[in-house]
Amino acid sequence: MWFFARDPVRDFPFELSPESPEGGPPGLWALHRGRKKATGSPVSIFVYDVKPGAEEQTQVAKAAFKRLKTLRHPNILAYIDGLETDKCLHVVTEAVTPLGMYLKARVEAGDLKELELSWGLHQIVKALSFLVNDCSLIHNNVCMAAVFVDRAGEWKLGGLDYMYSAQGDSSGPPRKGVPELEQYDPPELADSSGRAVGEKWSADMWRLGCLIWEVFNGPLPRAAALRNPGKIPKSLVPHYCELVGANPKVRPNPARFLQNCQAPGGFLNNRFVETNLFLEEIQIKEPAEKQKFFQELSKSLDSFPEDFCRHKVLPQLLTAFEFGSAGAVVLTPLFKVGKCLSAEEYQQKIIPVVVKMFSSTDRAMRIRLLQQMEQFIQYLDEPTVNTQIFPHVVHGFLDTNPAIREQTVKSMLLLAPKLNEANLNVELMKHFARLQAKDDQGPIRCNTTVCLGKIGSYLSASTRHRVLTSAFSRATKDPFAPSRVAGVLGFAATHNLYSMSDCAVKILPVLCSLTVDPEKSVRDQAFKAIRSFLSKLESVSEDPTQLAEVEKDVHAASSPGTGGTAASWAGWAVTGVSSLTSKLIRAHPTTSSSETNAPQRPTPEGLPAPAPPPGPTAPTPSGHWETQEEGKDTADNSSADRWDDEDWGSLEASSPAHKPESDWSSWEAEGSWDQSWQEPSPPEPPAEGTRPASEYNWGGPEPSDKGDPFAALATRRETGTQPRRDSWGDDNWEGLETESRQAKAELARKKREERRREMETKRAERRAAKGPMKLGARKLD
């Protein structure tokens with residue numbers, strides 16, 4: 001029977017990369033990149049080849065193997081595995097890069113900052129303090145070649161080949177035998193008299209001074225170069241001079257050196273070092289301290305190294321959310337760090353946390369997610385949006401907090417392109433119908449109309465035909481003036497989605513009724529829209545062959561992006577989140593110079609001063625009406641049409657006192673969502689003493705004595721005689737469809753009444769013919 005010896009190198013769970021060695025401590029170890037065979041995770045492998053006649057160096061390498069295996073500290077190179085044979089030694093550590101190579105690459109990329117160097121030196125000094133003060137060990141090899149950097153930019157102390165104990169035998173440090181390393185030895189080692197005897201840490205602190213010089217000035221050519229600090233920062237120079245002083249007794253202990261450099265104005269006294277120290281002790285910090293830390297973290301992330309943010313800050317943020325009580329405060333720094341990740345890393349690390357956050361009942365968490373959705377929506381796939389995110393987001397439509405309802409509406413601009421048929425055309429439209437008809441906050445009703453106009457191109461053809469006209473018509477009757485403006489601009493933004501018949505029969509009558517609106521801004525937009533629709537109708541009338549081209553989008557399937565280019569004069573491209581609310585909050589009203597002699601009235605806040613009415617325009621082809629109107633707006637310098645130039649306003653900071661939301665439990669019982677669009681019902685009357693939104697002075701000037709003549713006309717129309725049934729009044733503008741439904745309902749009621757009377761007559765006749773029955777009498781056939 002034959003037995004074959006197993007190759008220990010082949011059975012080793014790690015393998016070397018075929019690339020060339022990366023370097024390592026001079027003379028002994030060669031550093032290779034490697035990976036774990038089972039998982040493919042990257043590692044670093046230090047290899048020492050045993051050579052004949054080099055028994056002394058072999059013993060030094062084995063001693064370093066043993067030291068690294070037993071020493072565990074966050075700032076010392078982390079040992080993972082090892083292999084010792086007669087031919088070689090393999091030491092597997094975390095994936096690292098030699099400090100010299102790391103600094104060179106950072107300098108060439110122009111990304112090296114003093115903050116990185118300050119924290120790196122802090123880590124090396126802390127490792128020396130651990131060795132000297134806690135372990136009574138002298139490193140005896142501190143230099144550039146003994147320091148390594150991991151993927152997070154953390155500096156690790158290695159090169160433990162010549163380490164020896166500060167206690168015990170008096171044989172002294174081992175002999176190195178490598179000329180490149182002997183230049184870092186302090187001058188007292190060359191003094192055979194023994195008079196210059198210092199503390200046990202004196203030699204390592206001299207070598208630390210050499211390391212500091214090399215970090216800022218490059219490789220050390222000779223020991224005499226230490227006299228010139230070179231590029232060492234001024235705040236560090238006094239402490240550096242203590243390290244390279246000729247008297248070993250004045251060299252500070254590593255712990256004392258850290259304390260001195262962290263004093264106010266010291267080199268190690270900066271936000272980056274403070275952040276790292278907090279993260280190292282975050283598990284023992286109080287919840288209030290964590291909250292404050294995460295709130296202030298976002299301000300500093302831009303100045304921090306990218307690798308540090310990805311590999312050190314991000315894991316702590318994820319842990320704080322997963323197992324801590326950090327809550328919504330982690331969102332801002334989390335999404336800021338997420339910008340440094342690749343798409344694949346974002347999917348793996350950020351998206352699972354975001355999906356889980358949407359199920360949170362914390363209102364602060366929900367509103368932060370909605371506000372920052374633009375930062376992560378591109379990484380969400382459609383199944384995730386429809387099954388895990390949208391069902392939680394829609395609860396915001398029913399929230400009693402108006403700010404959450406408003407943010408939920410605005411978030412639909414980003415979610416709509418990813419929603420499926422049922423969620424977009426049924427569920428979302430149902431919520432929009434209720435908000436537009438019943439919400440007690442005018443800005444929310446306005447933003448709902450704005451959002452519907454922006455997402456109209458994503459709706460199916462049947463939904464567009466059924467919803468858009470009715471929804472925008474309802475908006476034109478809203479008591480909140482900006483909502484009426486939004487309804488007009490909604491028609492203009494989706495003009496390509498209506499047939500010529502609908503434009504003439506349904507839309508123009510609605511717009512014409514707004515030409516006598518009390519608000520000048522509403523009238524201006526109405527006239528502009530009327531001219532645009534009339535121009536379109538006239539061009540088709542002149543050339544009927546254009547009808548197919550003009551109506552090509554009417555029955556087409558949902559086509560994202562068409563609404564954005566259809567009405568460029570309205571500024572409604574689906575490119576961002578904006579609304580009229582910000583103008584209602586921030587804008588300062590102005591007065592047009594052309595109306596100085598006309599009767600003045602207050603301009604609603606957020607709407608620009610009315611521009612002079614443009615003169616009649618000649619009919620233009622349908623393909624150019626948007627461009628002509630856009631140029632006219634530019635000439636008039638009107639800002640009412642450029643909604644995308646503003647942010648959505650904060651309803652929470654500007655609206656009147658929030659009233660509790662009405663009870664919507666009877667919504668389904670009132671009829672289908674389609675009927676709710678087509679049969680608008682007036683909002684429920686507010687509580688006694690509450691002023692409607694239209695009566696508030698939204699920051700404009702006080703009303704003048706001379707009112708707008710159209711306002712008086714509107715008042716007379718309301719207080720005068722009731723309009724006839726066949727007129728285009730505000731109550732029956734919808735026309736024959738509404739009258740037909742009413743007539744049918746009346747006819748059915750009359751038929752039921754006649755049938756009931758006939759049945760009662762027949763029953764009375766039968767009772768009269770048979771006569772009264774006696775008690776106990778048997779009924780005979």
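Which residue in β5 is the bridge partner of Tyr 48? The legends below concern a predicted model, and the answer is given in the third of them.

Figure 1

**Figure 2. Pairing of β2 with β1 and with β3.** Strand β2 (residues 30-36) runs antiparallel to β1, and three bridges join the two. Within this pairing, Glu 15 lies opposite Arg 35 of β2. The antiparallel pairing of β2 with β3 comprises six bridges, and here Gly 34 is found opposite Val 43 of β3. A hairpin is formed by β2 and β3, with five residues between the strands. In the turn of this hairpin, Gly 40 adopts a positive phi of about 80 degrees.

**Figure 3. Strand β3 and its pairing with β5.** Strand β3 covers residues 42-49 and is mostly covered, with six of its eight residues buried. Six bridges link β3 to strand β5 (residues 88-93) in the antiparallel sense. Leu 89 in β5 is the bridge partner of Tyr 48, which answers the opening question.

**Figure 4. Helix α6 and the glycine that follows.** Helix α6 spans residues 202-217, 16 residues in total. The distance from its first C-alpha to its last is 23 Å, close to the 22 Å expected at 1.5 Å a residue. The helix is mostly covered: of its 16 residues, 15 are buried. Just after α6, Gly 218 has a positive phi of about 100 degrees.

**Figure 5. Packing of helices α17 and α19.** Helix α17 (residues 402-415) packs against helix α19 (residues 442-455) at an angle of about 10 degrees, and the two axes are 9 Å apart. Because angles under 35 degrees count as roughly parallel, α17 is described as roughly parallel to α19. On the α17 side, the contact is made by Pro 402, Arg 405, Glu 406, Val 409, Met 412 and Leu 413. The α19 side contributes Ile 444, Asn 447, Thr 448, Cys 451, Lys 454 and Ile 455. By class, the residues of the contact between α17 and α19 comprise seven nonpolar, two polar and three charged. In an α-helix there are 3.6 residues a turn, so residues three or four places apart point the same way.

How values were computed:
Residues are numbered from 1 along each chain as its sequence is written. This is a predicted model: local features need pLDDT of at least 70, side-chain atom pairs count only at pLDDT 80 or more; totals for chains, interfaces and linings use all residues. Side-chain values use heavy atoms; hydrogens and water are left out. Helices (H or I, at least four residues) and strands (E, at least two) are DSSP runs, numbered from the N terminus. The expected span of a helix is 1.5 Å times one less than its number of residues. Buried means under 20% relative accessible area, exposed over 50%, partly exposed in between (1.4 Å probe, protein chains only). Two strands pair if DSSP finds at least two bridges between them. Axes are lines fitted to C-alpha atoms, for helices over the stretch in contact, and angles run from 0 to 180 degrees between N-to-C directions. Angles under 35 degrees count as roughly parallel, over 145 as roughly antiparallel, 65 to 115 as roughly perpendicular and the rest as oblique. Contact means heavy atoms within 4.5 Å. Ala, Val, Leu, Ile, Met, Phe, Trp, Tyr, Cys and Pro count as nonpolar, Asp, Glu, Lys and Arg as charged, and the others, Gly among them, as polar.
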